[in-house]
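Subject: Structure for your review

Dear colleague,

I am handing over the structure we spoke about, and I would be grateful if you could look through it with the notes below beside you.

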Amino acid sequence: MNTAAMIDGISKKELEHMERIDSDVMERTLAHYHQFDFAAFTPADVQAALQKEQLSVFDFAALLSPAAQPMLEQTAQKAKRLTAAQFGNNISLYTPLYIANYCVNECVYCGFNCKNKIHRGKLSMEEIEAEFRAIAQTGLEEILILTGESRSQSDISYIGQAVELAKEYFTTIGLEIYPLNTCEYAFLHEKGADFVSVYQETYDPAFYKTVHLQGPKRDFSYRFHAQERALAGGMRGVGIGALLGLHDFRNDALAAGLHAKFLQQKYPHAEISFSVPRMRPYVNNTKNNPNDVHETQLLQIMLAYRMFLPFAGINISTRERAGFRDNVVGLCATKISAGVKTGVGGHQLEEKGDAQFEISDSRSVEEIRAMLKARGLQEVFTDYIRL
Amino acid sequence: MKDTLMIGGHAFHSRFILGSGKYSLEKMPGVIENSGAQIITLALRRANTNGQGNILDYLPRGITLLPNTSGARNAEEAVRIARLSRELGCGDFVKIEVIRDSKYLMPDNHETVKATEILAKEGFIVMPYVYPDLITARALVNAGAAAVMPLAAPIGSNKGLVAREFIKMLVDEIDLPVIVDAGIGAPSQACEAMELGVDAVMANTAVATAKDVAAMAKAFKLAIEAGRAAYLAGLGRVLDFTGEASSPLTGFLED
């Protein structure tokens, strides 16, 4: 890459392309980062939060504090009731499909990081269709299309073609790709996509710079505003998440919750969901791990999200083991992936590129369905009409 | 005389409208049987018409489907979903749900009136879900609605007849069936709504989240029947009047 055309690790061309929108959501969210001393919360603060129907930011922080940990069971009991009231016993099913893993970002925690020597690849339209067909045969109606971040290898028209193809096989199409401008989101919405997830990873702007060493992802605010641009582009729903274990998980979870809350206030019709990725080992870094976010803390975060925003969806990915996933669906999670491959392709064809991370649950769609049934939960293949 | 509920020219003897969301599809036949319901609502967006777990496969014959337009954010989307529902063979009944708020799921009355007007003209039997507002209800009558479905409390909240006074206005002033929809959390609350004079009650969450879904469906059926019987028996006299004086207050008149 020509370093002369770089500004603070981001190519000038990329920077100039980035749309800047007028929004106070980031300011409002970040104002609460470091606001609380989590160690100072008391059991009484947690108890008070558990009694309330509408949680304040203080209550939400209390549920994320160490003081809430001994009250996890009580919290879970209430969260289960809230989940049932909002979603009944319905659990949505989906699967991700990585269509490319080229990436120009250097993120120190990620297997796709441009400095990591892995097999790179992207699927042709014929290959994508073969994958879609194989996935659709399992009964799934919702697909999540993923790429690494490379505007040259996986440009908008390539993703658009994939979405257009997906429309033939699925009722619901989500995207987990690099952040786009409003008009680009509008283009992909027009092609048939309706949901967009972008994870901020950490909401601490200074720390963010130390783990995103180069590439467009280094631009914190462009990434932060992606959900708003997606909604402005006509998308129906957006996903939010912090990468747990990367930094200070209590502050990051708090910020992710507030990001969601402020977005919903500004766009009341938007469907909002959380993902709760924890760091995982990947090719050439088998030691990557979620640090201080053990299952207890992960559940604590998920329950706090449920209490703070009872209407929000919570996804549980194959980063977690089967035993954990099985117990959080219906308790707080509302969507679960099945038949997952995180390499490029792999459903029908041989994988054309290495995986982003190692998965912990390789069960097929059939197996996940059987698990849901055994737990008295209702599988939901489609909950959306594309209009 | 037989106590019949007329909606859009169709006669029903059950006054319990049952929702089909939030519980397992396989339980549905038993729940419907216990409820005695003749009208079942379903979210068209959930009907996996091409694949597995299609709710339509679980509904017994003879049931009147009331597809709803959930997912619609404005009148235009509601109209498109309703037309799609008809194309899929779900009949002419449609429950209009236009929701632009993902937190409280409050219906947009204004857009609902617009959708009602369009769909009524196309021959649909339109049952709009609204916030209980008398002015909106009058507009719905003019728009050709077949019933008005006011919420009793926020949907899924199980809080009961929070909007009691405003629903009472609709009962008193609107000549269409008034069907309480959303917020009813217990059979006692359904009974209370029926005593008030509403024509039917719709419930979903309260039934779906019960420990024994089928048994709760039965409890609702009985409560709704009891409330209706009380209303017909003239309960209103007891509630509205404190009693009649034994010495008439107007006995002094000499004409």
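Predicted model: local features only at pLDDT ≥ 70, side-chain atom pairs only at ≥ 80, totals over all residues.

As for H8(B) itself, its 20 residues should span 28 Å at 1.5 Å a residue, and the 29 Å between its end C-alpha atoms agrees with that. Its buried residues are Val213(B), Met216(B), Ala217(B), Ala219(B), Phe220(B), Lys221(B), Ala223(B), Ile224(B), Gly227(B) and Arg228(B), and what covers them includes strand S3 (16–19), H1, helix H6 (187–196), strand S10 (200–203) and helix H7 (205–208) of chain B.

On the H1(B) side, Gly30(B), Val31(B), Asn34(B) and Ser35(B) meet Val213(B), Ala214(B), Ala217(B), Lys218(B), Phe220(B) and Lys221(B) of H8(B).

Chain B also holds helix H3 (residues 109–121), whose 13 residues reach 19 Å from the first C-alpha to the last, close to the 18 Å expected at 1.5 Å a residue. The buried residues of H3(B) are Asn109(B), Glu111(B), Thr112(B), Val113(B), Lys114(B), Ala115(B), Thr116(B), Leu119(B) and Ala120(B); their cover includes helix H2 (75–87), strand S6 (93–96), strand S7 (125–130) and helix H4 (134–143) of chain B. Just after H3(B), Gly123(B) takes a positive phi of about 90°.

Turning to chain A, helix H7 (residues 156–166) and helix H8 (residues 182–191) of that chain pack at an angle of about 25°, with their axes 8 Å apart. That angle makes H7(A) roughly parallel to H8(A), and the crossing of H7(A) and H8(A) is right-handed. The contact is made by Ile156(A), Ile159(A), Gly160(A), Val163(A) and Glu164(A) from H7(A), and by Glu184(A), Phe187(A), Leu188(A) and Lys191(A) from H8(A).

The largest nonpolar core has 97 residues, and those with the most contacts inside it are Ile145(A), Ile301(A), Met302(A) and Ala304(A). Helix H13 (residues 295–308) of chain A gives the most to this core, with nine residues. Leaving aside residues up to four places away in sequence, Met302(A) touches Val276(A), Ile314(A), Val328(A), Cys332(A) and Ala333(A). Apart from this core lies another, of 82 residues, among them Ala43(B), Ala47(B), Val94(B) and Ala163(B).

His34(A) lies in the loop between helix H2 (25–30) and helix H3 (43–51) of chain A, and His34(A) is exposed, with 12 other C-beta atoms within 10 Å. The C-alpha atoms of His34(A) and Leu254(A) are separated by 9.7 Å, although the two residues are 220 residues apart along the chain.

Finally, where the chains meet, 26 residues of chain A are in contact with 27 residues of chain B. The elements that give two or more residues to the side of chain A touching chain B are helix H5 (72–87), strand S10 (271–275) and strand S13 (378–380) of chain A, and the largest share of that side, four residues, comes from H5(A).

With best regards

Key: Residues numbered from 1 in each chain as written. Chains lettered and ligands numbered in written order. Expected span 1.5 Å × (residues − 1). Buried ≥ 20, exposed ≤ 12 C-beta atoms within 10 Å, placed from the backbone. Contact = placed C-beta atoms within 7 Å. Core = buried A, V, L, I, M, F, W, Y, C linked by C-beta atoms within 7 Å. Axes fitted to C-alpha atoms, helices over the stretch in contact; angles between N-to-C directions. Parallel < 35°, antiparallel > 145°, perpendicular 65-115°, else oblique. Left-handed = near helix turned anticlockwise from the far one by under 90°.
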